[in-house]
Each structure stands twice: as C-alpha cells, then as structure tokens.
Amino acid sequence: MSDSNAVEALVQALKRLPGVGIRSAQRMAFHLLQHDRAGAQVLATALQAAATEVQHCERCHTFTEHAICAICSDPRRDSGLLCVVETPADQSAMERTGAYRGLYFVLMGKLSPLDGLGPAELGLNKLFDRAADGLVREVILATNFTAEGEATAHVISEGLRQRGIKPTRLARGVPVGSELEYVDLGTIAHALVDRR
Ligand code: ZN
C-alpha cells in the first residue's frame, strides 16, 4: 500500500489494460517510478500523442494520423486486391511477409454479438460497397482461424456472394484456432499464395 494518490491513480490506469490485474499494475508502476523515470516520461508522451492524434483511415479503417493511411495512398499498391483482416496487428503481420502488394480493409474487430459487435459496427456495408466498386478484382478473407474469425469470414462471404462476388480465403496451413499476428511469416505467405 502507498499513501500517494498519484501512485494509486497510475496503478488504476495501468489496470485498464487487457490482461493486467492489480498485482501486475502495481509491479509496472513500481518499476517505472523506482527504476525507469525516463521510460515513464517516454510512455506518457507516446500515450498522449497517440490518444490525441491517431484516428481511423477513411478508406480501410486502420489506425493512422492522417485522413487516408500510407498504404491506401501508396500508388504502387495493387488496388485490385482487397485483403480483409481483423486488426491493425494482423495487417502488420501480412505486411511483414512482404508477399502482399494489395490494399486492406481492417474490420477493427470480429463479429461478436455478445459484445455488441454486429455487421454495422464492423462497417460491412462499406466493405461490400468497396468490393463492388469496379476496381477490386479479388477480395481475400484473412480473418483469424478462430471460431469467431471463421464466423466473420462466413458472413462476409455470404454478403459478397449476394453481390456476385466470390471471395478467396487464406489457405489452411495457418493452424486452426490461431490469430494471424502470432503466426510465423512464412506460414502466412504460403497461405496467401495458396488461397482459394
Ligand atoms: Zn487506409
């Protein structure tokens, strides 16, 4: 226990992070205050800047500090390919493979009715309109190979078929139940090449 309100406020703030309980939050606070004041300042500045400046790309919904993100505004990308991923972390994993040169649509989540995340929250109508804009030749579903990721891919696939578009899905080889951001890059690259 401490008698400092500032310490307690820091612990409570850290506890907001996913997977962080009271003990971890106390350990982090103690570490920053006792051993890494410079790191605490770096963290505070980075949080302040990100929380005020980061927004969603108007085209793909990923995080960016601009109206349109760097990938969407890169003329060298193939605008005929549209890859659907759940999160910016999954998008980063795809990018790190170096095997994909198209554009993205980042759902910023997955269908999860219990959490209030339905087709509207994920912007699926915007995705369907985009897929049917005449520029897109292929939609690649790269949602995670978890139950919710598969359900999300299924709903998107149905929506696209109703508009006469047949999407491809990353090939199996990505382990069942896995999230892209944790899969090794070679496996993702192969799943991309073998998509069907
Ligand atoms: Zn974008």
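Modeller: Let us begin with a definition: a residue is called buried when its relative accessible area is under 20%, exposed when that area is over 50%, and partly exposed in between. Please note that the model is predicted.

Colleague: Why is C57 called buried?

Modeller: The relative accessible area of C57 is 1%. The limit is under 20%, so C57 counts as buried. C69 is likewise buried, with a value of 4%.

Colleague: Which residues coordinate the zinc ion?

Modeller: The donors are the SG atoms of C57, C60, C69 and C72, at 2.3 Å from the zinc ion. In sequence, the donor residues follow the spacing C-x2-C-x8-C-x2-C.

Colleague: What do C57 and C69 tie together?

Modeller: C57 belongs to the loop between β1 (55–56) and β2 (63–64), and C69 to the loop between β2 and β3 (78–85), so the pair ties together parts that are 12 residues apart in sequence.

Colleague: Why is the site of the zinc ion called tetrahedral?

Modeller: The angles among its 4 donor atoms are 104 to 116°. Four donors count as tetrahedral if all angles lie between 85 and 135 degrees; the site of the zinc ion is therefore tetrahedral.

Colleague: In the loop between β1 and β2 there is also H61. How do you know whether H61 is buried or exposed?

Modeller: H61 has a relative accessibility of 17%. With the limit at under 20%, H61 therefore counts as buried. Its phi is near 75°, a positive value in a residue other than glycine.

Colleague: How is K15 classed, and on what value?

Modeller: K15 has a relative accessible area of 34%. That value lies between the limits of 20% and 50%, so K15 is partly exposed. K15 is found in the loop between α1 (5–14) and α2 (22–35). Leaving aside residues up to four places away in sequence, K15 touches V20, G21, I22 and A25. From K15 to R76 the C-alpha distance is 42 Å, and the two are 61 residues apart in sequence.

Colleague: Why is α4 described as roughly perpendicular to α7?

Modeller: Helix α4 (residues 88–97) and helix α7 (residues 185–193) pack at an angle of about 85°, and their axes are 9 Å apart. Angles of 65 to 115 degrees count as roughly perpendicular, so that description applies to α4 and α7.

Colleague: Which residues make this contact?

Modeller: From α4 come A93, M94, R96 and T97, and from α7 come L185, I188, A189 and L192. By class these are 6 nonpolar, 1 polar and 1 charged residues.

Colleague: What covers the buried residues of these two helices?

Modeller: For α4, the cover includes β2, β3, β4 and α7. For α7, it includes α4 and β5 (138–141). The buried residues of α7 are T187, I188, A189, A191 and L192.

Colleague: How do α2 and α3 meet?

Modeller: The axes of α2 and helix α3 (residues 37–53) come within 6 Å and cross at roughly 120°. In this contact, L32, L33 and H35 of α2 meet R37, G39, A40 and L43 of α3. The residues divide into 4 nonpolar, 2 polar and 1 charged.

Colleague: How many helices and strands does the protein chain have?

Modeller: The protein chain has 7 helices and 6 strands. Of its 196 residues, 41% are buried.

Conventions: Residues are numbered from 1 along each chain as its sequence is written. This is a predicted model: local features need pLDDT of at least 70, side-chain atom pairs count only at pLDDT 80 or more; totals for chains, interfaces and linings use all residues. Side-chain values use heavy atoms; hydrogens and water are left out. Donors are N, O and S atoms within 2.8 Å of the metal (3.2 Å for Na, K and Ca); water is not among the atoms, so sites may look incomplete. Four donors count as tetrahedral if all angles lie between 85 and 135 degrees; four count as square planar and six as octahedral if opposite donors are over 155 degrees apart and all others between 65 and 115; anything else is irregular. Helices (H or I, at least four residues) and strands (E, at least two) are DSSP runs, numbered from the N terminus. Buried means under 20% relative accessible area, exposed over 50%, partly exposed in between (1.4 Å probe, protein chains only). Axes are lines fitted to C-alpha atoms, for helices over the stretch in contact, and angles run from 0 to 180 degrees between N-to-C directions. Angles under 35 degrees count as roughly parallel, over 145 as roughly antiparallel, 65 to 115 as roughly perpendicular and the rest as oblique. Contact means heavy atoms within 4.5 Å. Ala, Val, Leu, Ile, Met, Phe, Trp, Tyr, Cys and Pro count as nonpolar, Asp, Glu, Lys and Arg as charged, and the others, Gly among them, as polar.
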